[in-house]
Amino acid sequence: MNYTEIWNLAKENREDLVAFARKLVQAPSMPGQEGDVAVLMQAEMQRLGYDKVWVDEVGNVVGYIAGAGGPSLMFNGHMDQVDAGDPDQWPYPPFGGKVHDGELWGRGAADM
């Protein structure tokens with residue numbers, strides 16, 4: 001798949017991608033309290049048809065898609081957020097998942 005095909009696929013799925021990102025922002029997940037986000041991640045991987053999805057003994061969500069013999073690829077990220085601080089200092093609520101002028105606003109929306 002080339003860059004143009006990937007870009008077109010992202011554009012075709014933009015609405016679903018943004019809706020899922022909003023759900024993630026709307027789920028506060030301080031360090032050690034990532035359970036709600038883990039549930040969202042696991043459900044989304046299952047919805048997308050991953051071959052295996054599980055939560056390990058420390059709360060990491062692991063998803064596996066069987067390949068067809070080519071090189072392996074791993075995506076790795078984090079589920080926790082730092083404290084939002086004073087919500088009155090935010091232009092939009094930190095856990096609102098507001099989309100304004102095509103940008104997603106909220107705690108965790110841009111730290112990956």
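The accessible surface of the protein chain comes to about 8,500 Å², and carbon and sulfur atoms contribute 54% of that area. The model is a predicted one. The protein chain contains three helices and four strands, and from the N terminus on these elements follow the order α-α-α-β-β-β-β.

**Overall picture**

- The C-alpha trace of the protein chain spans about 50 × 40 × 20 Å along its principal axes.
- The protein chain has 112 residues, of which 15% are buried.

**Helix α3**

- Helix α3 has 13 residues, which at 1.5 Å a residue should span 18 Å. The C-alpha atoms at the ends of α3 are 18 Å apart, in agreement with that expectation. The expected span is 1.5 Å times one less than the number of residues, because that is how the span of a helix is defined here.
- The buried residues in α3 are V37, A38, E44 and M45. Seen down the axis of α3, the buried residues fall within an arc of 130°, so they line one face of the helix.
- That buried side of α3 packs against helix α2 and against the strands β1 (52–55) and β2 (61–64).
- The face of α3 turned away from the buried side carries D36, V39 and R47, which are exposed.
- Just after α3 comes G49, whose phi is positive at about 90°.

- S29 is located in the loop between α2 (14–25) and α3 (35–47).
- Is S29 buried or exposed? Its relative accessibility is 1%, and because buried means under 20%, S29 counts as buried.
- A polar atom of the S29 side chain lies 2.7 Å from the backbone oxygen of M79.
- When neighbours within four places in sequence are left aside, S29 is in contact with E34, V37, M79, D80 and Q81.

**The hairpin of β1 and β2**

- Strands β1 and β2 pair in the antiparallel sense, over four bridges.
- The two strands form a hairpin with five residues between them. In the turn, G59 has a positive phi of about 100°.
- Which residue of β2 is the bridge partner of V53? The partner of V53 is G63.
- W54 stands opposite V62 in β2.
- In a regular strand, side chains alternate between the two faces of the sheet.

**After the hairpin**

- I65 lies in the loop between β2 and β3. With a relative accessible area of 54%, I65 is exposed.
- Leaving aside neighbours within four places in sequence, I65 is in contact with Y50 and D51.
- I65 and M45 are 20 residues apart along the chain, and their C-alpha atoms are separated by 9.8 Å.

- D101 occupies the loop between β3 (98–100) and β4 (103–105).
- Although D101 is not a glycine, its phi is positive, at about 50°. Most residues other than glycine have a negative phi.
- Is D101 buried or exposed? At 69% relative accessibility, D101 counts as exposed.

**A link across the sequence**

- V18 belongs to helix α2.
- The relative accessibility of V18 is 27%, so V18 counts as partly exposed.
- How many residues apart in sequence are V18 and G97? They are 79 residues apart in sequence, while their C-alpha atoms are 9.5 Å apart in space.

Definitions and conventions: Residues are numbered from 1 along each chain as its sequence is written. This is a predicted model: local features need pLDDT of at least 70, side-chain atom pairs count only at pLDDT 80 or more; totals for chains, interfaces and linings use all residues. Side-chain values use heavy atoms; hydrogens and water are left out. Buried means under 20% relative accessible area, exposed over 50%, partly exposed in between (1.4 Å probe, protein chains only). A polar contact is a pair of N or O atoms within 3.5 Å; within protein, one must be able to donate a hydrogen and the other to accept it, and residues adjacent in sequence count only if both atoms are side-chain atoms. Contact means heavy atoms within 4.5 Å. The arc is that of the directions from the helix axis to the C-beta atoms. Accessible areas come from the Shrake-Rupley method with a 1.4 Å probe; for residues, only the protein chains shown count as cover. Two strands pair if DSSP finds at least two bridges between them.
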